[in-house]
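Have a look at the model, then follow the points below.

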Amino acid sequence: MLTIERAELYVLRLPLKFRFETSFGVQTEKQVPLLLLHGGGLTGLSEGVMESLPMYREETIGGALAFLTGAGLPGVLGHSFANPEAVGASLASWRGNRMAKAMLEMAAWDLWARQLEMPLWQLLGGDKTAVEVGVSLGIQASEAATVEAVKQHVAQGYRRIKLKIKPGWDAAPVQAVRQAFPELALTVDANSAYTLADTAKLQALGEFKLDYIEQPLAWDDLHDHATLQRRLATPLCLDESIASAADTRKALATDAGRVINLKVGRVGGHSEARRVHDVARSFGVPVWCGGMLESGVGRAHNIHLSTLPNFSKPGDTASASRYFATDTVNEALEAENGLMPVPSGPGIGVSLNREFVEAQADYHQEFVP
Ligand code: OSB
Ligand code: MG
């Protein structure tokens with residue numbers, strides 16, 4: 001039984017160690033929503049992946065706070081559930097808000113695993129104690145700076161490099177990197193910056209032996225991705241467009257993509273992430289674990305999920321120390337030679353750095369039934 005007695009919500013502001021530029025904007029700090037679910041003397045932790053403004057998908061931190069305080073938390077506080085899936089299922093009648101729902105569902109999984117004194121990855125059905133990771137590099141100031149950034153991360157052992165691209169910043173940096181690293185596992189991510197009118201430009205990237213092109217077209221459009229995939233030899237990887245297992249089925253049944261970037265915080269939690277994973281596997285399509293510049297809480301969840309068998313390409317779950325000088329958790333989450341060890345303690349295997357969380361909090365509320 002999973003009984004949720006009390007909850008706390010935080011929104012923190014953390015300085016990022018690097019300027020992260022994508023086709024949709026520039027980030028120099030990260031706002032981190034955290035949820036704590038207390039029950040039976042234990043605490044389950046989760047981190048939201050929504051941002052303050054709807055630049056990646058449609059959800060926002062403000063919307064998540066409205067959903068959680070108005071519907072999500074009142075629906076679970078003081079209630080008992082058979083398991084974490086039942087927590088997720090109890091939220092199903094509310095429309096959308098999958099990132100906000102994921103916060104409740106993921107904290108419930110952590111609490112559940114801590115109660116059972118098992119690492120989350122074992123409960124999820126994972127089969128490895130370390131996961132392969134790559135890195136997602138933002139748009140740099142020049143081609144030379146791009147090659148230099150790639151060089152540094154290759155030297156650190158990352159097993160795949162993903163370059164952010166946008167119209168006007170695509171073939172030239174990709175060519176420069178491919179020339180410097182002929183054998184590197186290389187991908188690009190456009191975050192929805194192109195349209196079908198750019199088909200020729202995207203076809204031209206084919207000569208750089210990219211493993212896949214991530215989310216070139218609109219965040220909510222599977223149909224155009226299917227049209228584009230018919231015209232491209234390079235596999236498309238879907239990120240923004242996949243919010244559920246149903247989206248995955250529709251995407252793969254229409255060949256709108258041949259790889260899935262799976263973010264547990266985007267699809268509503270671990271139960272739905274597992275269903276996405278399984279649908280992809282039934283189509284013979286690999287998944288890999290994406291990231292949203294998470295602090296240690298969200299990063300630990302991502303690492304546990306990445307132990308499932310169809311995570312067969314390196315994820316974006318790079319070392320936590322790359323992103324933040326001080327993290328929300330006490331434990332280090334550091335990859336070595338491109339392998340991220342899975343925390344082995346109960347639940348997600350990391351503990352909250354309360355003093356730091358308190359110090360960085362713009363918002364903190366406690367909720368009781
Ligand atoms: O598209 O995968 C993306 C970060 C924020 C929003 C969207 C994306 C990303 C990343 C960074 O690519 C991945 C990471 O290092 O966490
Ligand atoms: Mg992406």
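1. How much space lies in the largest cavity? About 230 Å³, taking volume as the space filled by probe spheres set on grid points joined across faces, edges and corners. A cavity here is a set of points, on a 1 Å grid over the protein atoms alone, where a 1.4 Å probe fits but cannot get out. By this rule there are 2 cavities of 30 Å³ or more.

2. Before going on: this is a predicted model, where local features need pLDDT of at least 70, side-chain atom pairs count only at pLDDT 80 or more, and totals for chains, interfaces and linings use all residues. Residues are numbered from 1 along each chain as written, chains are lettered from A and ligands numbered from 1 in written order, and side-chain values use heavy atoms, without hydrogens and water.

3. The largest cavity is the space taken by ligand 1 (more than half of its atoms lie within 2 Å of the grid points). Its lining has 24 residues (an atom within 4 Å of a point), with Phe20 and Lys164 among those nearest the centre.

4. Now the polar contacts (N or O pairs within 3.5 Å). Oxygen atoms of ligand 1 lie 3.1 Å from a polar side-chain atom of Lys162, 3.0 Å from a side-chain N or O of Lys164 and 2.9 Å from a backbone N or O of Leu293. The protein buries 100% of the 400 Å² that ligand 1 exposes alone (Shrake-Rupley, 1.4 Å probe).

How values were computed
A polar contact is a pair of N or O atoms within 3.5 Å; within protein, one must be able to donate a hydrogen and the other to accept it, and residues adjacent in sequence count only if both atoms are side-chain atoms. On a 1 Å grid over the protein atoms alone, a cavity is a set of points where a 1.4 Å probe fits but cannot get out, and a pocket is an open set with protein on both sides within 12 Å along at least five of seven lines; lining residues have an atom within 4 Å of a point.
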